Amino acid sequence: MAGHGQGRGRRRGRAAAGALAVLLCATACSAPAAAPDATTGEVQQVLDRRAAAVLKHDASGYLAALDPAASALRVSQGAEFTNLAQVPLASWAYRVTGVDHKGPQATAQVELRYRIQGYDTAPVTAARTLTLGRRGGTWYVTGDLPARGAAQPLWQQGPVTVVRGARSLILGVGQDTAKLRGIAAAEDAAVPAVSAAWPGVWARRVVVLVPASLDGMAALLGAPAASYRGIAAVTTGEVGGAGAAPADRVIVNPDAYAVLGDLGRRVVLAHETTHVATRAHTSPATPLWLSEGYADWIGYLDTGRTAPQAAPELLKAVRAGDLPADLPSDADFGFDGGADRLAKAYESGWLACRVIAANWGEAALARFYTEVGDQPHREGALEKAMNDQLGLNPREFTTRWREYVRSQLA
């Protein structure tokens, strides 16, 4: 997201065939930090003690970092500490990336990094902006907010209810336990379904966040609520093909998820879980038609849905004589193009993956996905993977895809 540097991200949404899903992926890059000074080191020590208190469940130690005169902050931070208490943390650490100080006042840019026990092999990162004041030779925190454009953590929205599934951890705010257990059961079914289709190595465990409302979901994403109205779930994570994949979160929009039937919920969670599973092989080289189409392809496996049932918007277009000329562009997956355009983009990507599986096999589809995502940049990635795995160039593949769409929907 946004931090001490410039973030760049991609947002994706779908509204088709009773299943609504979106992938929100972002890669962050930080500007080089200035050489640390004495103040930076002192602030880091304050936050190190605060982090240790979180892991020890030491409320007094946590509050000791706060300005004794900041009564409102102490109340809000005490509530946040209580809300966080049920979350099973494996690690919690702060890294000061920059400090601007003048006399006894300072503003620090801080990166919070934490992992959930048993689920995260790499940390979630969150950019924070802290204000501090100096009293008696000691720095105290006087304010703690998300950095500009950064998301709000779940535990700032209220007490967190934790439900443990066999393969999932559900963290909810403002939700009854029975509903969270239902989501855990659905996610527990999605994990093995995705693992059966995706041959790559992944954690095979998923953390799902369920806020109280659409507004809560938007706050978790650091985005306007209007962007996600009608979207049942999103997946957050960082793309990039090398190294350990950062921790992902599936975030459920309780309003939209509630109106889905059993099939829709199944497809949504399998779709989002596919994004978690394929994260290490999803990169800026991966076009959205492939990442979203592959997630839908796995989502619809073994559901019995036919092409006309699962691609209603594309069906209408084809039967009206409007067969698409090309595979959808990344821009076609934007929220501002209208629901019909967005649905057709998802349906087109799904059928592109479906035609690969039907003609070259499911294993070849997975190899194709992996090879594209493992390329360092977009240019030439599709061409190489299509030639290696399918024996076609992009123009030839587009022709095959168009013929398949016509045969399935005309």
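Biologist: Quick one before we look at this predicted model. What does "partly exposed" mean here?
Modeller: Buried means under 20% relative accessible area and exposed means over 50%, so partly exposed is in between.

Biologist: OK, then is arginine 134 buried, exposed or partly exposed?
Modeller: Partly exposed, because its relative accessible area is 33%.

Biologist: Which residue does arginine 134 form a salt bridge with?
Modeller: Glutamate 42. Their closest N and O atoms are 2.8 Å apart.

Biologist: New topic. What does arginine 50 pair with?
Modeller: Aspartate 144, with the closest N and O atoms 3.2 Å apart. Arginine 50 lies in helix H1 and aspartate 144 in strand S6, so the pair ties together parts 94 residues apart in sequence.

Biologist: Are those two buried or exposed?
Modeller: Buried. Arginine 50 has 0% relative accessibility, and aspartate 144 has a relative accessible area of 11%.

Biologist: Which residues make up their salt-bridge network?
Modeller: Arg50, Arg128 and Asp144.

Biologist: What about lysine 316?
Modeller: Lysine 316 forms a salt bridge with glutamate 313, at 3.3 Å between the closest N and O atoms. Both are in helix H10, three residues apart, so about one helical turn separates them.

Biologist: How many salt bridges in the whole structure?
Modeller: The search finds 13.

How values were computed: Residues are numbered from 1 along each chain as its sequence is written. This is a predicted model: local features need pLDDT of at least 70, side-chain atom pairs count only at pLDDT 80 or more; totals for chains, interfaces and linings use all residues. Side-chain values use heavy atoms; hydrogens and water are left out. A salt bridge is a side-chain nitrogen of Lys or Arg within 4 Å of a carboxyl oxygen of Asp or Glu. Buried means under 20% relative accessible area, exposed over 50%, partly exposed in between (1.4 Å probe, protein chains only). Helices (H or I, at least four residues) and strands (E, at least two) are DSSP runs, numbered from the N terminus.
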